[in-house]
Each structure stands twice: as structure tokens, then as C-alpha cells.
Amino acid sequence: MILTIDNLLSPEQLSQLNDLLREVDFLDGRKTAGWHAKLVKANEQSDSKDPKTTQARQLLVAALGANATFNLAVMPHSLRPILFSRYREGMAYGAHIDDAIMGRTALARSDVSLTVFLNPPEDYDGGELIMELGGESLSYKLAAGSAVIYPSTTLHRVAEVTRGQREVAVTWAQSIVRSAEQREILFDIEKVRRTIFKEKGKCREFDLLSKSHANLMRLWSDV
């Protein structure tokens, strides 16, 4: 399931986050890439040791924790430390797959990848996030403060920036439910369940859907 989330960050949160990142040094992004991804990665990432990066991470983690769509769709068990990246003119990230297992001491499986766009699309040309699915290419270049989530099993790339600068945040989640197909089923059931509750309250149909959702979680959850 690929899903976009509009206005994940409010204008105030976005401004605060970008103000923090303006005071941070950006380093060669290849330092956080896997051995094969280093060959096709050309970007810059904020210094992870800078306290301002830590504050920016905390702000975005709080926004994700408060977003119902993100939590219902991803069902996160854990999040990897957020990376803040920028692509200046001529930079790109060639086709790659995200590492299945991330971390060194505290290992985590990457189930869902997330990109949050931090500056307006009119600020730069190129820089689209492109996913390859079944012989087709899907392209994403969203408004500042919006996000796209997608299975980490997806081959994807970032097109070359030909003008301006692309600014994004990226992270990965290990989900309580490992399977992307099962997460989508649960997400759909939950949307219908909430719609029924809004329209009819705690009725028989709501109770049956709640039973099915809970029992599927018991079957599919990995906790």
C-alpha cells in the first residue's frame, strides 16, 4: 500500500523544523548508505550528532505519533532515527532497495519507508521520488509538510535535481504487522469500522467488524 498524507506537519511545525535545520551542518549522505547504495547515492544529510538535528527529529516523531492515518496504516512497532536530506543541483539517488535489517546493536526490520517533503515543489526542478512497481513508475513530489509512505520492499529512486534544492526527511518503520497486504486489509477494515461508528454508533455491524479486526490482529501481529 502506497499512501500520501497531506499536512503531516502544520505550517508552524514545518517552519520550526526548517529553522532548526538551517543551523545544522550537512554531510556526505553516502555515510548512511548500504555498500551497494553508496554507488548511486549523491545527497547531503544533517549532522546526526548536532543537538538541532535531535530537536528536529523529536518534532517530526511527535507529529507522526499524533497522526491517525500514519498510525492506522503503518501500525509502527519502532522507528529508525530520522534522516534529514537535501539534494542540490546535479544530485540524485539511483535505483535502490532499502536495507531489510537496520541498526547495529538494536536491530530493526524495515517494513515501511517514509518520505516527508520539507520545501515546496516549485523550489526545485526534478527530485521526484520514483517507485518501480510491476513495470510501471509512480512519481511523487508533494507539497511541503506532506508525506508518502510505501513498502520498504519497493525499488525506488530520486530523480536528479536540475534546479534549486530538494529538502526531505526520511525514516523507516518496523510494523506490528509484517505483511504489506495484511496491513492494507486491516487499514481498510478500520476505516469502515470508524465510518460505521460515526454514522450508527456501537451497532451490531460495528461489533462484528471490531471482532474481525481484533482477531486478524491476533493472527497477524508480530509482537
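Predicted model: local features only at pLDDT ≥ 70, side-chain atom pairs only at ≥ 80, totals over all residues.
Reader: Are helix 4 and helix 5 roughly parallel or roughly antiparallel to each other?

Author: Helix 4, residues 180–200, and helix 5, residues 204–220, pack with their axes 9 Å apart and at an angle of about 155°. Angles over 145 degrees count as roughly antiparallel. The relation of helix 4 to helix 5 is therefore roughly antiparallel.

Reader: Which element gives the most to the lining of the largest cavity?

Author: The structure holds 1 cavity of 30 Å³ or more, and about 70 Å³ of space lies in the largest cavity. Helix 3 (68–74), strand 14 (147–151) and helix 4 each supply at least two residues of its lining. With 3 residues, the element that gives the most to this lining is strand 14.

Reader: Which charged residue lines the largest cavity?

Author: The lining of the largest cavity divides into 8 nonpolar residues, no polar ones and 1 charged. Among the residues that line the cavity are Met1, Val112, Ile149, Tyr150 and Ala180.

Reader: Which strand gives the most to the lining of the largest pocket?

Author: The largest pocket has a volume of about 1,000 Å³, and of the 44 residues that line this pocket, the closest to its centre are Thr32, Ala33, Gln45, Leu83 and Trp172. The lining divides into 19 nonpolar, 14 polar and 11 charged residues. The most, 5 residues spanning part of the stretch 166–175, comes from strand 17.

Reader: Which helix gives the most to the lining of the second largest pocket?

Author: About 210 Å³ of space lies in the second largest pocket, and of the 14 residues that line this pocket, the closest to its centre are Asp111, Pro151, Ser152, Thr153 and Ala180. Its lining divides into 5 nonpolar, 3 polar and 6 charged residues. The element that gives the most to this lining, with 4 residues, is helix 4.

Methods. Residues numbered from 1 in each chain as written. Heavy atoms only, no water. Axes fitted to C-alpha atoms, helices over the stretch in contact; angles between N-to-C directions. Parallel < 35°, antiparallel > 145°, perpendicular 65-115°, else oblique. 1 Å grid on protein atoms, 1.4 Å probe; cavity = no way out; pocket = protein on both sides within 12 Å on 5 of 7 lines; lining within 4 Å. Points joined across faces, edges and corners; volume = space filled by probe spheres on them. Nonpolar A, V, L, I, M, F, W, Y, C, P; charged D, E, K, R; others polar.
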